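Please keep the sequence and the structure in view while reading.

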Amino acid sequence: MASFSYIGFLGLIFMIFGLIMEGTNGAIMSKKTQNLINKINNKGPYLGVVIPNLFEQNPLLNSPDYTAIDVVIDISGRRFRFGKIGDQKVVSVMTGLGMINAGITTQLLLSFFNVEGVVHYGIAGNANPSLNIGDVAIPQEVGYLKFADYAVNVSKGGSDNVLNNIWYQPEENLELEKCINSTTCLSTTPKVYTVERGTSASIYLDNAAYRSFIYDKFKVSPVDMESAAVALISLQQRVPYIAIRALSDLAGGGSADSNEADIFINLAADNSIIAVLAFIKQLSAFKNGGGVNSM
């Protein structure tokens, strides 16, 4: 689960190590950039928001709940944007598609910036027959990385970290998008669910038989191409982590001839943002002493 080849895994580790060593030696950034990183870190800590693709990033940047700070830092082809969601300071970054990109980007984020936790969101295929397109799934595991338990039990640097004491409790009145236009709507009203397990691999799953196999054998719900890599790097760096994935399609399609992702991809991206914003607002309220479900 959350699998990639041993050779691919070694390649990922060597690429990340090389990038970090170059950064340490100052070979990939100017003195001006290093000073800017130090300055911005002194204003932290930040919640790291890790996003796979542009169509998933844009709804966040365009949300009225997001306030951009006039600081952008480019490192090794990744653009790190700083802002606020409510009272919560955030640094967001787009990874690009796949496990290698996601792992490298997350390592850069956690190596260079003062990050207290990682929120990873986006769309996913669905392998769970009890869930529907538009639903938002929050897995307690990716493969067998039990980051739900890990997020509760691990502290960073020996100090209390608020992400260690909060787990997302979906609000019953959270309104998710149901229609993409006046004529095309989902038959069910999307909801937010915590699920047992998700999985990741650098392939696009469009096979109904394999979808059934991974659910029956491993109880997988969301299927994506990045979450496991982000989870693994967060685990290694002892930074709390949560994945929030909105379901854009039934992996393998509802019939032998169709896959719904092309139709509902933007609706799913919007629903992932709605859930992420709700989570971060809950987190901010919790940090301010208002309790988990205070908004």
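## Disulfide

A disulfide is taken here as a pair of cysteine sulfur atoms within 2.5 Å. The model discussed here is predicted. In this model, Cys179 and Cys185 are joined by a disulfide, with an S to S distance of 1.9 Å. A search of the whole structure finds one disulfide.

The link of Cys179 and Cys185 is right-handed, with 105 degrees about the S-S bond.

## Packing of H4 and H7

Two packed helices are described by the angle between their axes and the distance between the axes. Helix H4 covers residues 99–112 and helix H7 covers residues 227–236. The two pack at an angle of about 30 degrees, and their axes are 8 Å apart. Because angles under 35 degrees count as roughly parallel, H4 is roughly parallel to H7. The crossing in which H4 passes H7 is right-handed.

Which residues of H4 and H7 meet? From H4 come Met99, Ala102, Gly103, Thr106, Gln107 and Leu110. On the H7 side, the residues are Ala228, Ala229, Val230, Ile233 and Ser234. Sorted by class, this contact of H4 with H7 holds seven nonpolar residues, four polar residues and no charged residues.

Ala209 lies in helix H6, which spans residues 208–218. With a relative accessible area of 59%, Ala209 is above the 50% limit and therefore exposed.

How far apart are Ala209 and Ala251 in sequence and in space? They are separated by 42 residues in sequence, while their C-alpha to C-alpha distance is 9.6 Å.

## The chain overall

The chain has eight helices and ten strands. H4, H6 and H7, described above, are among the helices. Of the 295 residues of the chain, 53% count as buried.

The contacts can also be viewed by sequence separation. Among contacts in the chain with a separation of 6 or more, 75% are between residues 24 or more positions apart.

Note on methods: Residues numbered from 1 in each chain as written. Predicted model: local features only at pLDDT ≥ 70, side-chain atom pairs only at ≥ 80, totals over all residues. Heavy atoms only, no water. Axes fitted to C-alpha atoms, helices over the stretch in contact; angles between N-to-C directions. Helix = DSSP H or I, 4+ residues; strand = E, 2+ residues; numbered from the N terminus. Parallel < 35°, antiparallel > 145°, perpendicular 65-115°, else oblique. Left-handed = near helix turned anticlockwise from the far one by under 90°. Contact = heavy atoms within 4.5 Å. Nonpolar A, V, L, I, M, F, W, Y, C, P; charged D, E, K, R; others polar. Buried < 20%, exposed > 50% of the residue type's maximum accessible area, 1.4 Å probe, protein only.
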